[in-house]
Amino acid sequence: MFRAEGPRASHLFRHEPGGHRWQRVPPNEKKDRIQTSTVTVAVLREPAEAEWVPRPSELEWRTTKGSGPGGQHRNKRESAVILTHLPSGLTVRCEAERSQHRNRELALRLLRARWLEQVEQGAAAQANATRRQQTGSGMRGDKVRTVRERDGQVTDHRTGLRLRLEDYRRGAWGSLND
């Protein structure tokens with residue numbers, strides 16, 4: 001998960017939802033075998049703080065110990081935060097930071113983003129269906145873009161556009177899809 005900011009951020013990422021396939025020959029490969037990796041992408045807009053400010057009475061905050069590796073700090077400190085918006089039933093768990101205060105801020109930002117997604121789609125079921133439609137199953141037939149390092153070529157399967165890998169890395173892709 002990452003966050004992009006700027007006046008044209010949503011414009012630049014509007015073609016990214018879906019499956020992406022990357023084909024390459026690893027540097028330590030002796031027999032020129034091609035390695036293929038696949039990732040599915042969903043793009044969500046994060047609302048501004050002024051768009052939705054939940055009342056404190058609508059929020060339920062819980063703290064818990066983080067899960068996963070981390071040693072004594074994880075086992076002793078309750079730094080993970082679980083935030084529930086009672087009217088909508090949306091729940092967010094955040095344990096990205098060691099500080100409970102930073103996790104509270106991140107959880108509230110993530111809750112705002114999920115709330116906006118739910119409002120824009122009309123209902124949680126519609127939002128999940130849209131996300132599934134964007135990402136697909138990750139199978140070969142669902143791909144939107146293929147990058148073939150060996151041939152130095154990038155293909156967008158929706159538009160049929162082919163681009164040299166150098167141009168793609170330079171960022172020419174966004175200007176060509178305008």
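This is a predicted model: local features need pLDDT of at least 70, side-chain atom pairs count only at pLDDT 80 or more; totals for chains, interfaces and linings use all residues.
Started with the order of elements: from the N terminus on, I read α-β-β-β-α-β-β-α-α-β-β-β-α-α. That comes to six helices and eight strands for the protein.

**Overall numbers.** I looked up burial next. Of the 178 residues, 30% count as buried. The accessible surface is about 11,900 Å², and carbon and sulfur atoms hold 49% of it. For contacts, I took pairs at least 6 apart in sequence; 43% of these join residues at least 24 apart.

**Five-stranded sheet.** Which order do the strands take here? I get E2-E1-E6-E7-E8, an open sheet with mixed pairing. Strand E2 (35-41) and strand E8 (162-164) are the edges; each has a single partner strand, so one side of each lacks a neighbour in the sheet. From one strand to the next the twist averages 15°.

I then checked the pairing of E1 with E6. Strand E1 (residues 18-24) runs parallel to strand E6 (residues 143-148), with five bridges between them. Across this pair, I find tryptophan 22 opposite valine 147 in E6.

**Three-stranded sheet.** This one is open too, in the order E3-E4-E5, and its pairing is antiparallel. Ignoring direction, neighbouring strands are turned by 15° against each other on average.

How many bridges join E3 and E4? I count six, in the antiparallel sense, with E4 spanning residues 80-85. For threonine 63, the bridge partner in E4 is valine 81.

**Aromatics.** I searched the whole structure for aromatic pairs and came back with zero. A ring does turn up in another kind of contact, though: the charged end of arginine 104 sits over the ring of tryptophan 61, 4.0 Å from its centre.

Most residues other than glycine have a negative phi. Aspartate 32 is not a glycine, yet its phi is positive, about 55°. Where does aspartate 32 sit? I find it in the loop between E1 and E2.

Note on methods. Residues are numbered from 1 along each chain as its sequence is written. Side-chain values use heavy atoms; hydrogens and water are left out. Helices (H or I, at least four residues) and strands (E, at least two) are DSSP runs, numbered from the N terminus. Buried means under 20% relative accessible area, exposed over 50%, partly exposed in between (1.4 Å probe, protein chains only). Contact means heavy atoms within 4.5 Å. Accessible areas come from the Shrake-Rupley method with a 1.4 Å probe; for residues, only the protein chains shown count as cover. Rings of Phe, Tyr and Trp (its six-membered ring) pair if their centres lie within 6.5 Å; planes under 30 degrees apart count as stacked, over 60 as edge-to-face and the rest as tilted. A charge sits over a ring if NZ of Lys or CZ of Arg is within 6 Å of the ring centre and within 35 degrees of the ring normal. Two strands pair if DSSP finds at least two bridges between them. Axes are lines fitted to C-alpha atoms, for helices over the stretch in contact, and angles run from 0 to 180 degrees between N-to-C directions.
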